[in-house]
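Subject: Structure handover

Hello,

Here is the structure I promised to pass on. Please open it alongside this note; my findings follow.

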Amino acid sequence: MIRFEQVSKVYPDGTTAVDGLSFEVAEGELVTLVGPSGCGKTTTMMMVNRLIEPTSGRILVDGEDISRVDPVQLRRRIGYVIQQVGLFPHRTVLDNTATVPALVGWKKAKARARAAELLDLVGLDPATYGPRYPAQLSGGQRQRVGVARALAADPPVLLMDEPFGAVDPVVRERLQNEFLGLQETVRKTVLLVTHDIEEAVRMGDRIAVYGQGRIEQFDTPGAVLGNPATAYVARFVGADRGLKRLSVTAVEPDDLEEPPVARLDEPAADAAARLRAEDARWAVVLGGHGELHGWVSADSLRLAGDEGSVGDLARRMEAWVPVGAPLKQAFSEMLQHDAGWVAVVDGARFLGVLTPAKLHEALRRSVDAEAQGVPRDQVDFDSVADA
Ligand code: ADP
Ligand code: MG
């Protein structure tokens, strides 16, 4: 959808901001550009909507060489969100949001109806916030208006330059999650610039890690964290990348072990005999349809003698996660419940247990780009940041 071919930008004063950049963003993909200040991220971004012209190379949007497209026409297909938002102070929130549809000639009523719809989509009640002026909003709310405005004309491409940079960390996290939720629905092709590796990992389907004017690595979050291409990338992603990797690698069915199992309605004595034969200290208790009910210890089964069924002795399973959850969540469940393993379920159905050894194996697997990613709204960096 967006394709850079050997693109360079040298500013008139001789600064090379971008040097021979080639990469491609697929339709509906969210790619984050991450790197330190001054490495060329904003320059890259502004060449896509022709606010800056490359010195050499080509940029294609939807297969079309953009140097041949009228910049005004081009920008109608590309939403643009910047940190300073750039709302008009003397226009209401509703009119600010309706700016682009109005510009491209929509009737006023239609543009406003669309704006109201978009405000709603970004979590701002149009009846409450529509009539307000930008100064009457919090920073986070202004940022939401910026996103709503960028989406108003329904452009296929969205450029976001440090969109959450100006708000405090708590609001930033909320905005990130909201945007990811929104992206699930609208599926825009997004280039998002940030200097924050955690934001890049959390938001990106893929990440472009910038060095000075060049991309050092362009890959999935798991691969960048697990297998940094250069010493520079390793330094940039940080020494705690193993912990970050826990957040972006999913628990997969292949990671699981099959523990001893007892049926809910099975006589306790039968289960006790079986566990003794298997030399097992506990069993997972399942209902008739393979649903996870809890667990039972071999000791309690033995003490019950000939009395009762497994169901009478079963205890609640404290440590469990859904399949596809981040490894970090599984690890945190183990720690929180002081458990030697966690049960993994698919809906109610029990799939198996994840042990520390298997968790370690899964973490090693995550260096492989084939590893399944975690749905990003489940990525949670709180405890990683604390660690
Ligand atoms: P980033 O967004 O990663 O912080 P920029 O793309 O803004 O980086 O800038 C890349 C480099 O180009 C920096 O060295 C910056 O100082 C330089 N630069 C940016 N804009 C101009 C300009 N208009 N004239 C000269 N140099 C510029
Ligand atoms: Mg910048």
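Is Arg-202 buried or exposed? Arg-202 is buried, with a relative accessible area of 5%. Anything under 20% counts as buried. Bear in mind that this is a predicted model.

**Salt bridges**

Arg-202 has a charged partner. Its side chain meets that of Glu-173 in a salt bridge, at 3.3 Å from N to O. Arg-202 sits in helix α9 (residues 197-203) and Glu-173 in helix α8, so the pair ties together parts that are 29 residues apart in sequence. Glu-173 itself is partly exposed, at 25% relative accessible area.

How many salt bridges are there by this rule? The count comes to 19. Two others deserve a look.

Take Lys-188 and Asp-154. Their side chains form a salt bridge with an N to O distance of 2.5 Å. Both ends are in loops: Lys-188 between α8 (169-186) and β8 (189-194), Asp-154 between α7 (139-151) and β7 (157-161). The pair therefore ties together parts that are 34 residues apart in sequence. Lys-188 counts as buried, at 6% relative accessibility. Asp-154 is partly exposed, at 48%.

Then there is Asp-95 with Arg-112. The closest N and O atoms of this salt bridge are 3.0 Å apart. Asp-95 belongs to helix α3 (residues 93-97) and Arg-112 to helix α5 (residues 108-121), so parts 17 residues apart in sequence are tied together. Both residues are partly exposed: Asp-95 at 23% relative accessibility, Arg-112 at 34%.

There is also a salt-bridge network. It links Arg-3, Glu-5, Glu-24, Arg-58 and Asp-65.

**The sheet**

Which order do the strands take in the open sheet of 4 strands? The order is β2-β1-β4-β5, and the pairing is antiparallel. The edge strands are β2 (16-25) and β5 (64-65), each pairing on one side only.

Strand β4 (residues 56-61) runs antiparallel to β5, and 2 bridges join them. Here Leu-60 stands opposite Asp-65 in β5. Asp-65 is also one of the residues in the salt-bridge network.

Over to you.

Best wishes

Key. Residues numbered from 1 in each chain as written. Chains lettered and ligands numbered in written order. Predicted model: local features only at pLDDT ≥ 70, side-chain atom pairs only at ≥ 80, totals over all residues. Heavy atoms only, no water. Pairing = 2+ DSSP bridges. Salt bridge = Lys/Arg side-chain N within 4 Å of Asp/Glu carboxyl O. Buried < 20%, exposed > 50% of the residue type's maximum accessible area, 1.4 Å probe, protein only.
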